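Look at the sequence and the model below, and keep both at hand while reading.

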Amino acid sequence: MAHRPTGRIRRAVLGSGAVVVLAGLNAPAALSFAQDHYHAYKIAQPGYQARYGSWQRVEIPQEYRTNAIHAALLHTGKVLIIAGSGNNQQHFDAGTFDTVLWDPVADTFEKVPTPVDFFCGGHAQLPDGRLLVAGGTARYEVLDGEVSRAGGGMRVKNENPDKALFLRKGTVFRSPSGVEYRSLFDVTVPRAAKRGFAVTYWADGGMKPWKSKVTAGEERVFVEAVETGPDSVTAESAQYEIEGLTGRDADNAYGLAEKITTQKQDFQGIRSAYEFDAVAEKYIRVDPMKQARWYPTLVGLGDGRVLAVSGLDDVGEIISGDTEIYDQGARKWSKGPFRYFPTYPALFLTKGGRLFYPGANAGYGPADKGRAAGLWDLRKNTFKAVGGLKDFDATETASSLMLPPVQDQKVMILGGGGVGESSVSTARTAVVDLKAKSPVFEPGPDLPQGTRYLNSVIMPDDTVFTTGGSSDYRGRGDSNILKAQTYDPKTGEFTEAAAPTIGRNYHSEALLLPDGRVATFGSDSLYGDKANTKLGTFEQRMEVFTPAVLHRAAGDRPVIGAGPEEVARGGTATYALTGGGRPATARLMRPSAVTHTTDVEQRSIALELRREEGRITVTVPGDSTLVPPGWYMLFVTDSDGISSVAKWVKVG
């Protein structure tokens, strides 16, 4: 049965029978109005929608409107929308952090208590259906010319091997010349390590005293000067006294800083990590990461563990290459292989366990480091570059994905732009076949125009729906692109889809819903006008796309009935199936967890399909690097390309 929008969803078009007469309009205005009215009439027609699809806006009650920075589909069918402070300094200062749960079926919203500022953190699906959320914001940036108090990183040393040292936010560090700096965060400095005992015997029978080597515990914290002005700026290394310590603590603890300046101070990350329980609908604290991270990528591995990569650290510097791995069973982090990437790198788990980096990334990092595409072997910690990419210097804010089905091992990159606030954008797409002996990117069809921040979503029929974006940095110059298109990997071509009515650029997301539609969220334009004179506002409206094929379903979609909720990897499962035409394909589709045009979670896995009267039997591949453990949407698509509503299946 075809999906029908719920009560709070309305069509973003005018009724075909509406007649409006406006007096006093000049001819150009009247012509423009008539054109707009005709367009609204045209896109509401069944024939148009059966060819191009349609968009509907979601009515959101005022109290649930938020700045959607992150969006993830949970195995309950609800969508977790995380704002944190939502790129709003006032919300950050007030400690107002936001998470909203949207139920697309009941069309209801609810607030979820949010313990820390997850704004610009990372996320990944876990084997038991929880969502790991790690990193976020410790401090907002202060731009050049606006820094009134000198600031920088302070390394805090603790030479006491018997206990850790806890220093509260606001602890004062005093330089040898008496200049004072105050810490902006709590910090716990681990106790010193004592090892290497040694005894030496003299020839006369005497004995040299025991000796031990003590390695001071160390932690870093951001500090800023107590007083404003240039007198607090220093580029000299120095040891700092910690005010308020007495006795042995005062003897064993001190600060070290090399450079404290009034230069721009970037966003700073946090170490916090939480699991979001989709059933209990709450965040559960787990061990924090060793490294603070802002703009990190979290990617699930074949054994169910999660790798955290890149980000800005606790003093606003891009992480040089430290990675760490989360084990849900132990709920702890361990050290991962050392490898540098720009922030929010797109990393895709490939057959055999290597991660493929297509060069797509978002945000921070020099133009000449970590931009080359390639295959990363985690076990050997080797990186094999993959060439052939046109416009290789325009991969920031590019979209990328593993083309469906994942067994084909093809990765596509779409659009992108220059590093930082560059106005450069590219219409380039390219595809690499990782099964080839020497993989190399091959050109794909161009997008309609140069596009940054494009959102790309894998569909149940093995096509890719792409929408939105802007041609300039953060929609600058009124450059939002109100276009959408569908890419068919079989033909290598785009076909036009119905145009969205809401522009999407920076801080926007799109994801596949279990009913086969695509939901879009967010957008954070830098300016609100073509002349770039009016500051932009965050787009809080949501819009949902219904594919053309569902308009052609005429109420007769395949329906997956009774069958197992859990399937072993390599095993088979049988489900009742009614409705629709002849079943043609079955796909397991991993739910999205998307931010900043980066969605490394979504993947579509082809299942071996056996048809019988009134039922189907599917076989799940046995390779965990193709099918990482977790919850998936099972879709069946008939020979006309019409898909079922998904059935949730857990793969162990």
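Phe341 counts as buried, because its relative accessibility is 2% and the limit for buried is under 20%. The model is a predicted one. Phe383 is partly exposed, with a relative accessible area of 28%, a value that lies between the limits of 20% and 50%.

Phe92 and Tyr140 are both buried.

Phe341 and Phe383 form another pair. Their ring centres lie 6.3 Å apart with the planes at 70°, so the pair is edge-to-face. This pair, too, links distant parts of the chain: Phe341 sits in the loop between strand 26 (332-335) and strand 27 (348-349), and Phe383 sits in strand 30 (residues 382-385), 42 residues apart.

Ring pairs can also join into a group. Phe92, Phe119, Tyr140, Phe267, Trp294, Tyr295, Tyr344 and Tyr364 are linked by ring pairs into a cluster. A ring can also have a charge over it, as at Tyr340, where the charged end of Lys369 is 4.2 Å from the ring centre.

Now turn to the strands. In a regular strand, side chains alternate between the two faces of the sheet. Strand 24 (residues 306-309) has Val306 and Ala308 pointing one way and Leu307 and Val309 pointing the other way, and all of them are buried.

Which strands pair with strand 24? Strand 23 (residues 297-300) pairs with strand 24 in the antiparallel sense over four bridges, and Ala308 in strand 24 is the bridge partner of Leu298. The hairpin of strand 23 and strand 24 has five residues between the strands, and in this hairpin Gly304 takes a positive phi near 95°. Strand 25 (residues 324-327) is joined to strand 24 by three bridges, again in an antiparallel arrangement. Ile325 in strand 25 stands opposite Leu307.

Strand 40 is mostly covered, with five of its five residues buried. Strand 39 (residues 508-512) runs antiparallel to strand 40, and five bridges join them. Phe521 in strand 40 has Glu509 opposite. Between strand 39 and strand 40 the hairpin has five residues, and Gly516 takes a positive phi near 95° there. Strand 40 is also joined to strand 41 (residues 542-546) by three bridges, and these strands run antiparallel. Val518 stands opposite Phe545 in strand 41.

Last comes the whole protein. Its secondary structure comes to five helices and 51 strands. A compact globule of 652 residues would have a radius of gyration near 26 Å, and the 27 Å of the protein agrees with this. Along the principal axes, the C-alpha atoms fill a box of roughly 100 × 70 × 45 Å. Of the 652 residues, 55% count as buried. The accessible surface is about 27500 Å², and carbon and sulfur atoms account for 50% of it. Among contacts between residues at least 6 apart in sequence, 62% join residues at least 24 apart.

Methods:
Residues numbered from 1 in each chain as written. Predicted model: local features only at pLDDT ≥ 70, side-chain atom pairs only at ≥ 80, totals over all residues. Heavy atoms only, no water. Buried < 20%, exposed > 50% of the residue type's maximum accessible area, 1.4 Å probe, protein only. Phe/Tyr/Trp six-rings, centres within 6.5 Å; stacked < 30°, edge-to-face > 60°. Helix = DSSP H or I, 4+ residues; strand = E, 2+ residues; numbered from the N terminus. Lys NZ or Arg CZ within 6 Å of the ring centre and 35° of its normal. Pairing = 2+ DSSP bridges. Rg over C-alpha atoms; globule rule 2.2 N^0.38 Å. Contact = heavy atoms within 4.5 Å. Areas by Shrake-Rupley, 256 points an atom, 1.4 Å probe, with all protein chains shown as cover.
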